[in-house]
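These are my notebook entries on one protein model, written down in the order in which I looked things up. I kept the cut-offs beside the terms, for later reading.

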Amino acid sequence: MTKLLPVTAYTIRRLLRQYQGQLKSVVVEGACLVADPEADLNAVLESLYLDEEEVRTQVAEIEKLMLTYQLLLKNGAKEQAIAIEDRIFWIFGLKRIGNPSSETTAEMLMMI
């Protein structure tokens with residue numbers, strides 16, 4: 001089974017921790033594992049996407065998005081980076097319920 005790269009999982013966990021309380025699951029409660037900073041993100045993907053090929057597709061998409069995300073942050077494209085975050089959250093069955101502050105995104109810039 002295809003797995004997320006450790007650096008990708010780390011970055012996603014950091015985002016989940018950063019936006020904790022601002023994300024909600026869009027999946028029926030109890031239907032799958034919920035992504036949170038402590039969850040095994042690979043197990044979450046496997047519970048969301050039951051077909052092995054679909055898991056592989058989603059992992060590849062996340063890895064591609066993460067590369068784009070890193071480049072956007074380095075180039076100061078905050079709005080586009082936020083859009084990438086939202087796409088990654090959506091793959092994990094999450095939706096942002098509040099608008100991210102530019103201050104929060106600035107914190108991410110400092111971390112990279």
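This is a predicted model: local features need pLDDT of at least 70, side-chain atom pairs count only at pLDDT 80 or more; totals for chains, interfaces and linings use all residues.

**Entry 1: helix 3 and helix 4**

I began with the crossing of helix 3 and helix 4, which is left-handed (the near helix is turned anticlockwise from the far one by less than a right angle, whereas clockwise would be right-handed). Helices here are DSSP runs of H or I with at least four residues, strands are runs of E with at least two, and both are numbered from the N terminus. The axes of the two helices come within 9 Å and cross at roughly 160 degrees; axes are lines fitted to C-alpha atoms, for helices over the stretch in contact, and the angles run from 0 to 180 degrees between N-to-C directions. That angle makes helix 3 roughly antiparallel to helix 4 (under 35 degrees counts as roughly parallel, over 145 as roughly antiparallel, 65 to 115 as roughly perpendicular, and the rest as oblique).

Next I listed who takes part in the contact, where contact means heavy atoms within 4.5 Å.

Residues are numbered from 1 along each chain as its sequence is written, and side-chain values use heavy atoms, with hydrogens and water left out.

**Entry 2: the whole chain**

I found five helices and two strands in the protein chain, and read along the sequence they follow the pattern α-β-α-α-α-β-α. Of its 112 residues, 41% count as buried (buried means under 20% relative accessible area, exposed over 50%, and partly exposed in between, with a 1.4 Å probe and protein chains only). Among contacts with a separation of 6 or more, 72% are between residues 24 or more positions apart.

**Entry 3: Leu 65**

I picked Leu 65 because it is buried, with a relative accessible area of 4%, and its place is in helix 3. Not counting residues up to four places away in sequence, Leu 65 touches Ile 84, Arg 87, Ile 88 and Ile 91. The C-alpha atoms of Leu 65 and Ile 88 are separated by 7.3 Å, although the two are 23 residues apart along the chain.

**Entry 4: helix 1 and helix 3**

How do helix 1 and helix 3 lie to each other, and at what angle do their axes cross? Their axes come within 11 Å and cross at roughly 70 degrees, so the two helices are roughly perpendicular to each other. By class, their contact has five nonpolar, three polar and one charged residues. Thr 11 in helix 1 counts as buried at 4% relative accessibility, and beyond its neighbours within four places in sequence it is in contact with Met 66, Tyr 69 and Gln 70.

**Entry 5: helix 2**

I then wrote down the buried residues of helix 2 (residues 41–48), namely Leu 41, Asn 42, Val 44, Leu 45 and Ser 47. These buried residues pack against helix 1 (6–18), helix 3 (52–74) and helix 4 (78–91).

**Entry 6: strand 2**

Is Arg 96 buried or exposed? Arg 96, found in strand 2 (residues 94–96), is buried, with a relative accessible area of 11%. The side chain of Arg 96 makes a polar contact of 3.0 Å with that of Glu 85 and another, of 2.6 Å, with that of Asp 86 (a polar contact is a pair of N or O atoms within 3.5 Å; within protein, one must be able to donate a hydrogen and the other to accept it, and residues adjacent in sequence count only if both atoms are side-chain atoms).

Lys 95, also found in strand 2, is partly exposed, with a relative accessible area of 43%. Lys 95 and Gln 22 are 73 residues apart in sequence and 8.3 Å apart in space, C-alpha to C-alpha.

Methods: Ala, Val, Leu, Ile, Met, Phe, Trp, Tyr, Cys and Pro count as nonpolar, Asp, Glu, Lys and Arg as charged, and the others, Gly among them, as polar.
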